[in-house]
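Subject: Handover of a structure and notes on it

Dear colleague,

I am handing over to you the structure shown below. Please look through it before reading the notes that come after it.

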Amino acid sequence: MTKPSLPDLLHAAVSAVGGTERPGQVAMAEAVAEAIDDNSHRLIQAGTGTGKSLGYLVPALAHGERVVVATATLALQRQLVERDLPRTVDALHPQLRRRPQFAMLKGRSNYLCLHRLHEGAPQDEEEGLFDQFEAATPTSKLGKDLLRLRDWADETETGDRDDLTPGVSDKAWSQISVSSRECLGATKCAYGAECFAEAARERAKLADVVVTNHALLAIDAIEGAPVLPQHEVLIVDEAHELVSRVTGVATGELTPGQVNRAVKRSAKLVDEKTADALQTASESFERVMELALPGRLEQIPEDLGYALMSLRDAARNVISAIGATRDKSVHDEDAVRKQALAAVESIHSVAERITNGSEYDVVWYERHDRFGATLRVAPLSVSGLLREKLFEDRSVVLTSATLKIGGDFNGVAASLGLSAEGVEGDDVPAWKGLDVGSPFDYPKQGILYVAKHLATPGREGTRGDMMDELAELIEAAGGRTLGLFSSMRGAKAAAEELRGRIDNPILLQGEETLGELIKAFAADPKTCLFGTLSLWQGVDVPGPSCQLVVMDRIPFPRPDDPLMSARQKSVEEHGGNGFMAVAAMHAALLMAQGAGRLVRATGDRGVVAVLDPRLATARYGSFLRATLPDFWYTTDRNQVRRSLAAIDATAQADGK
């Protein structure tokens, strides 16, 4: 039987979802197929509307080897597993003569744990040992959540938290889930045969396509114990997010509360002398943390060093002692022991990491009004880790709407541990970049307006001229505005000020769940939605409800961000331009993602307004603009108001 051609397969898949192939999608599918056949690597920028999911799924399914697809957002995971994969498999079946299997795999704490559900979570001593379902009053929010979880456990087939609608609080979920460190293991657990997390792993082992998230991909790479099944092809979607997700997984933290819980959980399982040593070390660490001031620790202060060494040594002794004793008086001893071990091991590993010290780690204090001080440690760079762990023994395709920063792929490639395109060597994975464009006509569909006449934003204080400009733009647009702010404080200040000045309703992130806010924003064109980071990347509202996207300022990282400033300094010490490599890269990625909220369909029209004159006047402005969609560019405020009014009038005439 002749092998079906890629164009025929793509045509069948696209027809099944009611679409038509686009040149960019065809080019992408061919590049993915070539990478898989050559066992090589690709960075592919595919603009909004390209249909990139099918652009990589069709060649991956046609190839027949196991593929792992890693995404950053839950929304895309669900779209792949619930919509794109079922339709594509059905569409390709007549030509492939086989029906590839697919499965979703997440970290263990995303699945309901039957042992926790039936035996109860081991409680900290002062709370007493009780059944959390009995203790939580049925009328409380927690009680209602827990009772609903117990009912759901009888009917769910997956035990996956994201299949529970509506969701429950993190506190409720923590009562019926475990981390991989706390898990007893299928062979030791009375519920091992029915375990949802184990069932998900078994499904993944049998699947041709495994859909997972960046965090699990990072855990699989960093921790050395394989979580993902063996695979020949890795496709990383939303790849612009990968470095920050891997950094998150590789970051350790210590807080006095966390150490305290470990002390309480282990106290009953070890002798008094060993328990007292950990208690004493905990108290000494807490005293140091009470005086901690936010910021990077380039040298570990002496008092913190002593406290961490005491914690490390006491935790090591507790770990040894827990492993050597048995106490039948402790209810559900294996689970109590495992939870205590997990808590103490976490403290030991972070204390040891900071005590050992590494030029490749950054250590800093954070302080939160409610939770007090936290000690954090993160890698200065994850590029070496990614080069070593990601690109060996498999073909890797990284794709996103935002991979070309400042006009080329080399900035993103460097953050992934790759050399410049075309450079090859023994230890350097070779790769090719491809920009397949977008089906949208950006110069005709959108305007990039920079408010060049405004004052340069300072670090503190309100910006009266910016508020005036924002109010006038919203009124010209008739609402229809997504306000993207570089800080939550900025978003709140703008919402408070403008609610008293304009008639349009203003929704603010944090006042309702993100899903509900976006739904309300999409439903009423007169409404505006203001918010910060998750809105820069998470909003998909085609049509007349989003015709003005406003950025209050260029979203550079905060100058006092310890990790970003350490990375910037490191680049400078190696002869590079730290500001461009770190701060400008960060800002460009976010701005490209934010500007991408405007045009989501071929009929969309509108304006991206940046209320920061530096985009027009600073030397780095052209670098940032080269990363944005190719909108028609202006600094003429009157022209923009006329354009917005015309777009609003057209939408109203269409009854929208």
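The notes below cover a helix, the cavities and a serine in a loop.

Please bear in mind throughout that this is a predicted model.

Helix α27

Helix α27 runs through residues 637-653 and contains 17 residues. From its first C-alpha to its last it reaches 24 Å, close to the 24 Å expected at 1.5 Å a residue. At the start of the helix, a side-chain oxygen of Asp636 comes to within 3.0 Å of the backbone nitrogen of Asn638. After α27 comes Gly655, which has a positive phi, near 75°.

The buried residues of α27 are Val640, Arg641, Ser643, Leu644, Ile647, Asp648 and Ala651. Because they cover an arc of only 165° around the axis, they lie on the same side of α27. The spacing follows a general rule: an α-helix has 3.6 residues a turn, so residues three or four places apart point the same way. Arg642 and Ala653, on the other side of α27, are exposed.

Against which elements do the buried residues of α27 pack? Their partners are the strands β12 (446-450), β16 (548-551), β17 (606-610) and β18 (632-634), together with the helix α19 (464-477).

Cavities

Searching the whole structure gives four cavities of 30 Å³ or more. The volume of the largest cavity is about 250 Å³. This cavity is lined by 22 residues, of which Cys113, His115, Val178, Cys183 and Cys189 are the closest to its centre. Two helices, α5 (114-119) and α9 (196-206), each supply at least two residues of the lining. Of the elements that contribute, α5 gives the most, with three residues.

Ser545

Ser545 belongs to the loop between α22 (533-538) and β16.

Is Ser545 buried or exposed? Its relative accessible area is 4%, and Ser545 is therefore buried, the cut-off for this being under 20%. A polar atom of the Ser545 side chain lies 2.7 Å from the backbone oxygen of Ala522. Apart from neighbours within four places in sequence, the residues in contact with Ser545 are Arg480, Thr481, Phe521, Ala522, Ala523, Asp524 and Pro525.

With kind regards

Terms used:
Residues are numbered from 1 along each chain as its sequence is written. This is a predicted model: local features need pLDDT of at least 70, side-chain atom pairs count only at pLDDT 80 or more; totals for chains, interfaces and linings use all residues. Side-chain values use heavy atoms; hydrogens and water are left out. Helices (H or I, at least four residues) and strands (E, at least two) are DSSP runs, numbered from the N terminus. The expected span of a helix is 1.5 Å times one less than its number of residues. Buried means under 20% relative accessible area, exposed over 50%, partly exposed in between (1.4 Å probe, protein chains only). The arc is that of the directions from the helix axis to the C-beta atoms. Contact means heavy atoms within 4.5 Å. A polar contact is a pair of N or O atoms within 3.5 Å; within protein, one must be able to donate a hydrogen and the other to accept it, and residues adjacent in sequence count only if both atoms are side-chain atoms. On a 1 Å grid over the protein atoms alone, a cavity is a set of points where a 1.4 Å probe fits but cannot get out, and a pocket is an open set with protein on both sides within 12 Å along at least five of seven lines; lining residues have an atom within 4 Å of a point. Grid points are joined across faces, edges and corners, and a volume is the space filled by probe spheres set on the points.
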